[in-house]
Amino acid sequence: MIDIKITPSKDKKKKPDENNLSFGKYYTDNMFIMDYTETIGWHDARIVPYQPISLDPAAMVFHYAQESFEGLKAYRTANNEIQLFRPEKNALRMKSTHNRICIPEIEVDDFVHAVKTLVSVEKDWVPSAEGTSLYIRPFTIATEAHLGVKPSNTYMFIIITSPVGAYYEEGINPVKIYVEEEYVRANPGGTGFIKCGGNYAASLASQVKAHEIGYSQVLWLDGVERKYVEEVGSMNVFFKIDGIVYTAPTCGTVLPGVTRMSCIELMEKWGFTVSEKRISIDDIMNAAENGKLEEVFGTGTAAVISPVGELRYKDKVAKINNFKIGELTQRLYDTLTGIQWGKLPDDMNWITKVD
Ligand code: COI
């Protein structure tokens, strides 16, 4: 296990109003850093005051986007305990991201140890207002100064933390989603299944277009036939049609979300049939027309469980469940957040406590 040297900031920032955090606006007093070189491997793990980092302008991350990131949260329970939700799943996904884009792996135990140690140092920053948490953003960047295209031989792994409220302005109220036909997010053999910044850069043009016409997010179709639903900008997506729950399979073009996986486990435990076979946007719009599209919701660490109240595809608009949160969506939200904030017992063994 890595040894972490802790030199925390002597200055404490003023904490923001917990009832007005929104998402990703405030950063805590300290950050975690670890370096990689070919000769030593990952080394010099440390917690230092939150500060700008200095990189050579030729650092490869700026040119060829060799970068990975993760997102997880720390929650404060009513007993003032701090807990994480399945951090080892984020560590495993980061390993898979690193393998795809040729970044050296970080061991699961080291990743979890780094997250736990930083959160423990930043304990006072974990908010307690309803629906708030400390968002944790681990990321790795290629730092070698080199303009030829090849894997970097040096990297930095950094973790920053940010107290957050709801990701969407709508909170737990339904969001409106625009089905994108022009651009695609991922293709087989590409990077759709990993968490790298480039995937998100490529999504921005569609997001801007959706915002301009009053939609919060984009629903992506598959890149080959532009027919099957895949995922939404910052979350996986589920459709309940005539009692059966559908979500896209994670076989190469869809992000394997930790919240997605947890929702599937919960729904299966409750006796629902969850189909991970591909489903077309036409089938979904037809189900809406025939009154069979019962619920649509997104899942993600940042978004938690987000009901979808409207889908727009070409010139068709489907209103879902009268723009109200559905019964299953509410049950998933209550159960998942109940476990995360320690209001419900951790029956699934998903919680890691932070000392
Ligand atoms: C998350 O849910 O943690 C994400 O990383 C999604 C997003 C904010 C990019």
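Patches are made of residues with over 30% relative accessible area and no salt bridge, nonpolar side chains being joined within 5 Å. In this predicted model, a nonpolar surface patch of about 330 Å² is made by Y64, L147 and V149. Of these residues, Y64 is placed in helix α1, which covers residues 60-64. Because its relative accessible area is 37%, Y64 is described as partly exposed, and this value lies over the 30% that membership of a patch requires.

The open spaces of the model were examined next. The largest pocket has a volume of about 630 Å³, and its lining comprises 32 residues, among which A166, Y167, Y168, E169 and G171 lie nearest the centre. At least two residues of this lining are supplied by each of α5 (204-212), β16 (304-313) and α8 (327-340). By class, the lining of the largest pocket divides into 14 nonpolar, 13 polar and five charged residues.

The second largest pocket holds about 500 Å³ of space. It is lined by 29 residues, and those closest to its centre are Y167, K195, Y200, G233 and S234. Two or more residues of this lining come from each of β7 (133-142), α5, β10 (217-221), β12 (235-241), α6 (258-269) and β15 (293-300), with the largest share, three residues, provided by β10. The lining of the second largest pocket consists of 13 nonpolar, twelve polar and four charged residues.

The largest cavity, with about 60 Å³ of space, is lined by L72, K73, Y75, F85, N90, V258, T259, T301 and Q340. The elements that give two or more residues to this lining are β5 (72-76) and α6, and β5 gives the most, with three residues. Four nonpolar, four polar and one charged residues make up the lining of the largest cavity.

The second largest cavity has a volume of about 30 Å³, and R185, N199, Y200, S203, W220 and G233 form its lining, which by class has two nonpolar, three polar and one charged residues.

Technical notes
Residues numbered from 1 in each chain as written. Predicted model: local features only at pLDDT ≥ 70, side-chain atom pairs only at ≥ 80, totals over all residues. Heavy atoms only, no water. Patch = residues over 30% accessible without salt bridge, like charges linked within 9 Å, V, L, I, M, F, W, Y side chains within 5 Å. Areas by Shrake-Rupley, 256 points an atom, 1.4 Å probe, with all protein chains shown as cover. Salt bridge = Lys/Arg side-chain N within 4 Å of Asp/Glu carboxyl O. Helix = DSSP H or I, 4+ residues; strand = E, 2+ residues; numbered from the N terminus. Buried < 20%, exposed > 50% of the residue type's maximum accessible area, 1.4 Å probe, protein only. 1 Å grid on protein atoms, 1.4 Å probe; cavity = no way out; pocket = protein on both sides within 12 Å on 5 of 7 lines; lining within 4 Å. Points joined across faces, edges and corners; volume = space filled by probe spheres on them. Nonpolar A, V, L, I, M, F, W, Y, C, P; charged D, E, K, R; others polar.
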